Amino acid sequence: MIKFYNTLSGKKEIFESIKPGKVKLYTCGPTVYDYAHIGNFRAYLFEDILKRFLIYMGYEVKHVMNITDVDDKTIKKSNSEGKSLQEVTEKYIQAFFEDIDTLNILRADHYPKATEHVKEMAHMVKVLVQKGYGYKKDDSYYFDISKYKDYGKLSKIKRDELRSGERVESDEYEKKNAHDFALWKGRKPDEPYWETEIGSGRPGWHIECSVMSTQYLGQPLDIHCGGVDNIFPHHENEIAQSESYADKKFVNYWMHCRHLIVEGNKMSKSKGNQYTLRELIKKGINPMALRYLLLSTHYRKMLNFSFETLDQAESSLERINDFLYELDSRSFDSGENPLVKKTINKKEKKFVESLSDDLNISIALTSVFELIRDVNKLLAQNQIYEIDAEMIRSTLRKWDRVLGVLPKKEDKKLENSIKKKIKLREKARKEKNYEMADRIRDELLEKGVILEDTKEGVRWKKK
Ligand SMILES: [Zn+2]
């Protein structure tokens, strides 16, 4: 039984998908006017863990993430840089894909671009107007929030706080300004525009997600995610548009992750603490440690990013990798210790149960380290056998289908070549061929591998 906290009801609810075994997942994607920052990646990683866990539990997940390549922000950037909208957005789309690959985030099934769905957006606006939910003012169209009786149900805004009849132009605004919002913005001199059945202009930001989510997934969706800052107005407006348009529920489960702060402070460009992945990599951080850090705090808790917490994440990750290396590099007697299987089963149960409880990652991670601790004790007593070692390895690999922090297969190949070199060096040392042993050590150092001679033998680490 899986439970998720649903923002709509404000409660944890038992998760039931519309079609058994299948999940339709929509996650708000990047607005491609700049490089994504670690706050954005926190949301993408929460969604990645959610999706990986659903897959782990046997669901077939169809995942759609939109790309906002036309909105107030992208237009502003293209005007200020004197470049075409496409020139600006293509650059950041490419960067976005590079970044999510670096962080080992699973790719969605579709990444629809707003600019490629303008016709369908104009059509939705037309229908909303025909049904009396929208109206035209000058060359723009607005959604009349007084016509949709459930307006505010997601963000818990009260009806008497609504300022219907007054209009808000910009895509983003505060809750206290809950006005009729723009569905479609009439053509302006400095803005790109499309000729459509409702006239020339461009879509508002909110209609983009309403159209692209249902076009690819069908209404209703099982799960719609984003950051808490998307709840109002973006998701509130998506609900108003989609439910008024189709006369049925838009989304069954709304899941939102909380903010990320940096060294205890709000993240902002002017404070210089709004790091992009690229900036952090330039500072020499390990992207997998960042992945570990961003996923290791429960998604509904505030996450404090600091270089210290990043170091801690790095050591936790190292503990897992060192442990696996220990298992890989030792040879075990044939046979098995029944205690190991029992321990694994217990930890597996805890891993699944905790994630089933609204993705309680902290407890899931304790299963990992408890398993390591328990096995280490047995290792010290030479009570791990061949079958046990294999079972432990495959359990950690299996859990990593959710966590996604262990080295990939290509890295494994590199590891094997390193291990071969280490053996060669050991042989050289035994034969007292120190010149060759040193040469191999230097060669590995050049590749960023540090060797440490310990009582138990040689260990290696990446710089
Ligand atoms: Zn969206």
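**Exercise 1. Get the overall layout: how many helices and strands are there in the protein?**

Start with the count: the protein has 14 helices and 16 strands. Here, helices (H or I, at least four residues) and strands (E, at least two) are DSSP runs, numbered from the N terminus. Keep in mind that this is a predicted model, where local features need pLDDT of at least 70, side-chain atom pairs count only at pLDDT 80 or more, and totals for chains, interfaces and linings use all residues. Residues are numbered from 1 along each chain as its sequence is written, and side-chain values use heavy atoms, with hydrogens and water left out.

Next, the dimensions: the C-alpha trace spans about 90 × 50 × 35 Å along its principal axes. Then burial: of the 463 residues in the protein, 53% are buried. Buried means under 20% relative accessible area, exposed means over 50%, and partly exposed is in between (1.4 Å probe, protein chains only).

**Exercise 2. Take the zinc ion apart: which residues are its protein donors?**

Step one is to pick out the atoms. SG of Cys 28, SG of Cys 209 and NE2 of His 234 lie 2.0 to 2.2 Å from the zinc ion. Donors are N, O and S atoms within 2.8 Å of the metal (3.2 Å for Na, K and Ca); water is not among the atoms, so sites may look incomplete.

Step two is the spacing, which reads C-x180-C-x24-H along the chain.

Step three: buried or exposed? Cys 28 is buried at 9% relative accessibility, and His 234 is buried too, at 1%.

**Exercise 3. Go through some salt bridges: how many does the structure hold?**

The structure holds 35 salt bridges. One is counted when a side-chain nitrogen of Lys or Arg is within 4 Å of a carboxyl oxygen of Asp or Glu. As background, side chains of opposite charge can pair when their charged atoms come close.

- Lys 12 and Asp 357 pair up at 2.8 Å, N to O. Lys 12 sits in strand E2 (residues 11-14) and Asp 357 in the loop between helix H10 (338-356) and helix H11 (361-380), so this pair ties together parts 345 residues apart in sequence. Lys 12 is partly exposed at 41%, and Asp 357 is partly exposed at 31%.
- Glu 172 and Lys 73 meet at 3.0 Å, N to O. They are 99 residues apart, with Glu 172 in the loop between strand E7 (163-168) and strand E8 (179-186) and Lys 73 in helix H2 (residues 72-81).
- Glu 353 and Lys 349 meet at 3.4 Å, N to O. They are about one helical turn apart because four residues separate them in helix H10. Glu 353 is partly exposed at 45%, whereas Lys 349 is exposed at 52%.

To finish, look for a network: salt bridges link Asp 72, Asp 171, Lys 185, Lys 188, Glu 191 and Arg 202.
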